Amino acid sequence: MAAHLVKRCTCLLREATCVVPAMSPAGRLRLARVAHRTLTSSATSPSSHFPGSLTELVEREPVFTPYPGRQEVDWLIEKATRPEELLELIGGGHSLHQNHAAHILIQLSRLFSEKPKNKASLTQDARFQQLLHLANSQITSIWHGTLVKLLRSLYALALPKTCKELRSVEQEVRWRMRRLKYKHLAFLAESSTTYMQEQDSQELLAELLVQLERRWTEIEDGRTVVAIMMKVGHLSEPLMNRLEDKCLELVEQFGPDDLRKVLLTLAAQNRRSVPLLRAISYHLVQKPFTLTKGTLMDLAYAYGKLNFHQTQVFQRLAADLLSHVPSLTPSEVARCAKSLALLKWLNLPLFEAFAQHILNTAQDITLQHLCNVVLAFARLNFHPEQEDRFFSVVHEKLVSELADLSPALQVDVVWALCVLQQVQEAELRAVLSSDFHTQFLGGKSPKDESTLQKLLHINATALLEHPDYTGPLLPALALVPRPTALDKKVTPLQKELQETLKGLLGSADKGCFAVTTQYGWVLDAEVLLDAEGQFLNLRDFVAPHLAQATGSRPLPPGAKRLAFLRWEFPNFNSRSKDLLGRFFLARRHVLAAGFLVVDIPYYEWLELKSEWQKGAYLKDKMRKAVAEELAK
């Protein structure tokens, strides 16, 4: 054993004598360590395998290029205020190491970001081309952090897609992608994603997204996850799922601005991540954040866009916004009102403050912003205390500027005035004229169909609530029910109501269900009672509310038409039993058409457990409707 060991030591020392003179001091130090480890291994493990060449051992040692000490040229690069100062460093007798060329390019991009007009002349400068060539020749020695900044800088300098040096840097980043720290990946995602899409660097972008998604557990701070979510979350569904999980994990570290950014990102992508929204809502309520005006408006917008209801958050938003109302611009008032209307959240003090703000700034507000406020008021069926003053401002604007709005917005604002019972005959004529409404009659898009539906409601308002209105009106062809009005999904409440009512009627001829009227509304059911309260055959009698009448006999004396209208949970304001403006208008029109309305709200129907209770409930509702009519 001893002889074998001496023989191996002799071989080792002989090869060391040949290698050492050609090596640097650092290499000799590594070689000495290798020799010591090899001898130790040989002495302790007779079965260990000694490599055929000591050079292989040296090559297997990880070699790190130490970052050189700070030099004068580093100071010159940092202090440069003009591109010319940086370009003079090329060929100026300065000793540039492998990172200096990259640092100069990075600093150049910063300077040109302040003065982008001179960027085109830079690419024609021979010194700039020399700088690119120098950086490209030393690219394998550039450190990771500097490399990703260099790529971002080359993108910012707007180099052509065919630039060899740009493609070389992109390729180097791809080769190193797995070795880059996650902060470097996040930097690329935050600063270079847009450039990658513009430069058609799809392979690099795809590799970046894959690495971000696979290594998501390396995210350690909230800022990183928020930045990645905002910049590239929409480009990868798996990545966005991982980022949402990470947000849940780190949400306690988020400040109000981080929460705002996450909510806006979810709203932009229409991602209704309920666990994350609940967590964000919890921290907004529990933590004493100071929320700025901009943050409050963004939060209201995001919650409205995502249709996510959280009462305590809305109460805080409304209370905090109320103190900011005097400092809001008309456009900000319109934006806040619209967001809260989407949420169906009516805070009376806040909306009164909005109305007063509009009155105070009536001379400055544009008709577009005023229309948004009116639409918000109509959705919530909100009538301000100074109603006459407020709507006088609205009518004054509409007299001269209504025709300047887009056709769809003209219909929307007149429809909103119908809901609020503030429409004037001149406004009715403007949208019911044949020259105007014909553009919507043949429309197939959902937007055109929605606009036509509102025109039917406006037409019904003119017929039923303005007896002195002489025309024009919609043609009979426009009043014919469209197939889409009947193709809606049947809800559980609607199905139970129909089944219970059929049991009470006993005969299918004594009632009609899902009755589409010429007024643009659909009745859940319609029955006809004689003077003694007995059901009559509907199909034998005239029905002026239908676009296509079926019967010919006039109603007998004392007969009454009853319309059943069910009100589902989405038909009400949030945390309220007040109907939204659209459904309040429907009820108003049905009453004006001569019906007795039997209201079936969801909160009453849910309390009925048996079929007997449901039947008794409907009978009682009908008796009350008839009694109220007789009492008048």
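How many of the 14 residues of helix 17 are buried? Let's find out in the views below.

**View 1. The whole chain, a predicted model.** This model is predicted, with local features needing pLDDT of at least 70 and side-chain atom pairs counting only at pLDDT 80 or more, while totals for chains, interfaces and linings use all residues. Residues are numbered from 1 along each chain as its sequence is written, and side-chain values use heavy atoms, leaving out hydrogens and water. The chain holds 31 helices and four strands; these are DSSP runs numbered from the N terminus (helices: H or I, at least four residues; strands: E, at least two). Of its 632 residues, 48% count as buried, meaning under 20% relative accessible area with a 1.4 Å probe, protein chains only.

**View 2. Helix 17, residues 293–306.** Here is the reply to our opening question: 10 of the 14 residues are buried, and the helix is mostly covered. Among them are Leu296, Met297, Tyr303 and Leu306. The buried residues pack against helix 15, helix 16, helix 18 and helix 19, where a contact means heavy atoms within 4.5 Å. Look just after the helix for Asn307, which takes a positive phi of about 55°.

**View 3. Helix 20, residues 348–360.** The end C-alpha atoms of this helix are 18 Å apart, which agrees with the 18 Å that 13 residues should span at 1.5 Å a residue; the expected span is 1.5 Å times one less than the number of residues. Asn347 caps the N-terminal end, with a side-chain oxygen 3.0 Å from the backbone nitrogen of Leu350. Leu350 is also one of the buried residues of helix 20, which include Phe351, Phe354 and His357. Those buried residues pack against helix 18, helix 19, helix 21 and helix 22.

View 4. Eight of the eight residues of strand 3 are buried, so the strand is largely enclosed by the rest of the structure. In a regular strand the side chains alternate between the two faces of the sheet. On one side of strand 3 sit Lys560, Leu562, Phe564 and Arg566, and on the other Arg561, Ala563, Leu565 and Trp567. Strand 2 runs antiparallel to strand 3, joined by five bridges; two strands pair if DSSP finds at least two bridges between them. Follow Phe564: it stands opposite Ala525, and its bridge partner in strand 4 is Val598. Strands 3 and 4 pair in the parallel sense over seven bridges.

Terms used: Buried < 20%, exposed > 50% of the residue type's maximum accessible area, 1.4 Å probe, protein only. Polar contact = N/O pair within 3.5 Å; in protein donor to acceptor, adjacent residues only side chain to side chain.
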